[in-house]
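Dear colleague,

Please find below the structure that I am handing over to you.

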Amino acid sequence: MLLRQLFDADTWTYTYLIADEASGKALLIDPVRDQVDRDLALIGELGLTLEYALDTHVHADHVTGAGLLREQTGCKTVASHLGPESADLRLRDGATLALGALTVHLIETPGHTDDSVSFRVDGHVFTGDALFVRGTGRTDFQAGDAEQLYDSITGKLFALPDTTVIWPGHDYKGHTASTIGEEKAHNPRLAGKSKADFVEIMGSLGLPEPKYIHQAVPANRELGLGAGPDQSSGHFNEIDGPTAAQLQGDMRVIDVREPHEFQGELGHIEGAENVPMGQCEAASKGWDRQQPLLVVCRSGRRSREICEQLVAHGFDHVTNLRGGMLDYRERGRAQG
Ligand SMILES: [Fe+2]
């Protein structure tokens, strides 16, 4: 079996190419519309034929490439029986797809959304947004349900052999894969946690809305062939303190307060660069427009203004720390 993990940096989405090498038959799991050209080039270079484009659910954070792939290759689009009505195959729990000598098993794993499914091939399981490496999908929109997600993960995914390799739909910290045994032991939302614990954790995440939700969900119900978003302009994300603490890793943190505030009582985020608000416009001319930026101030108001300015100047990956250092400190303490 050939397996390739592909990444869309704008939406932190993994797409998987799987092929049966003997027959050259291939499928894509969770293709991203903006990456269809990349995926088709790879499939061509490897001499494969695309048989199926599978979606693990109706995504809120990116537009699926399934419809476009069907148009361009004649492949069949596959989703849950609760997924888009225009999918060629709408499958139920236990359904299988043949891909040459390989068999793909569909496992319904609802909870992130009601139509969420995972796909198992040999010793690999593609979990979409049900189970991430050391995390899980969120459950606060699109008919999400934390109790249901707990049951899906512990009842269905954790019933697979411990050696089964997990390939998630996203990762925000640089992980690529895990195993069932590893997540049973180390996933902080699940290891040693009851269903009640899990529901409480999921209820207190306070995540921002995905930046493309209002365009992506309607477009994905049409397999990505609806109008869809312009993913390259006009938007910035907002996150809260605890989320910022998790995401910081590869983000450049720009603190737009005055130097005395930066060195003052609230302190600053480790690694942050102090660029006072009045200097941002000039300074930003030398910044990499592709690098994710987290903009920070005291209360989140000045940083919001700077985010708007940066987006207007063509920065693609701008995030505001909502509530600023006040929220970051207060919630940091509450959490710690
Ligand atoms: Fe999702």
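Predicted model: local features only at pLDDT ≥ 70, side-chain atom pairs only at ≥ 80, totals over all residues.

Residues are numbered from 1 along each chain as its sequence is written.

Overall form

The protein chain contains 11 helices and 19 strands. Helices (H or I, at least four residues) and strands (E, at least two) are DSSP runs, numbered from the N terminus. Along the principal axes, the C-alpha atoms of the protein chain occupy a box of roughly 65 × 45 × 30 Å.

Of the 336 residues of the protein chain, 44% are classed as buried. A residue is buried if 20 or more other C-beta atoms lie within 10 Å of its own, exposed if 12 or fewer, and partly exposed in between, with C-beta atoms placed from the backbone. Among contacts between residues at least 6 apart in sequence, 63% join residues at least 24 apart. Two residues are in contact if their C-beta atoms, placed from the backbone, lie within 7 Å.

An open sheet is formed by five strands in the order 15-19-18-16-17, with parallel pairing. Two strands pair if DSSP finds at least two bridges between them. Strand 15 (237–239) and strand 17 (273–274) are at the edges with a single partner strand each, so one side of each has no neighbour in the sheet. Strand 16 (residues 252–255) pairs with strand 17 in the parallel sense over two bridges, and isoleucine 254 has glutamate 273 in strand 17 as its bridge partner. Strand 16 is also joined to strand 18 by four bridges, again running parallel; here aspartate 255 stands opposite valine 296 in strand 18.

Helix 10 (residues 301–312) lies across strand 18 (293–296) and strand 19 (318–321), and runs at about 175° to strand 19. Axes are lines fitted to C-alpha atoms, for helices over the stretch in contact, and angles run from 0 to 180 degrees between N-to-C directions.

The mixed sheet

Six strands form an open sheet in the order 7-8-9-10-13-14, and the pairing is mixed. Its edge strands are strand 7 (96–99) and strand 14 (178–179), each of which pairs on one side only. Strand 7 and strand 8 (residues 102–108) run antiparallel and are joined by four bridges. Threonine 96 stands opposite histidine 105 in strand 8.

Helix 3 and helix 5

The axes of helix 3 (residues 146–157) and helix 5 (residues 195–203) come within 9 Å and cross at roughly 125°. Helix 3 is therefore oblique to helix 5; angles under 35 degrees count as roughly parallel, over 145 as roughly antiparallel, 65 to 115 as roughly perpendicular and the rest as oblique. Ala146, Glu147 and Tyr150 of helix 3 make the contact with Lys195, Phe198, Val199, Met202 and Gly203 of helix 5.

Residues in loops

Leucine 207 lies in the loop between helix 5 and helix 6 (213–221). Leucine 207 is partly exposed, with 13 other C-beta atoms within 10 Å. Its neighbours within four places in sequence aside, leucine 207 is in contact with Arg138, Asp140 and Thr243. Leucine 207 and aspartate 240 are 33 residues apart in sequence and 7.2 Å apart in space, C-alpha to C-alpha.

Aspartate 122, in the loop between strand 9 (117–121) and strand 10 (124–128), has phi near 50°, a positive value in a residue other than glycine. Aspartate 122 counts as partly exposed, with 14 C-beta neighbours inside 10 Å.

Glutamine 142 is in the loop between strand 12 (135–136) and helix 3. Glutamine 142 is not a glycine, yet its phi is positive at about 55°. With 17 other C-beta atoms within 10 Å, glutamine 142 is partly exposed.

Yours sincerely
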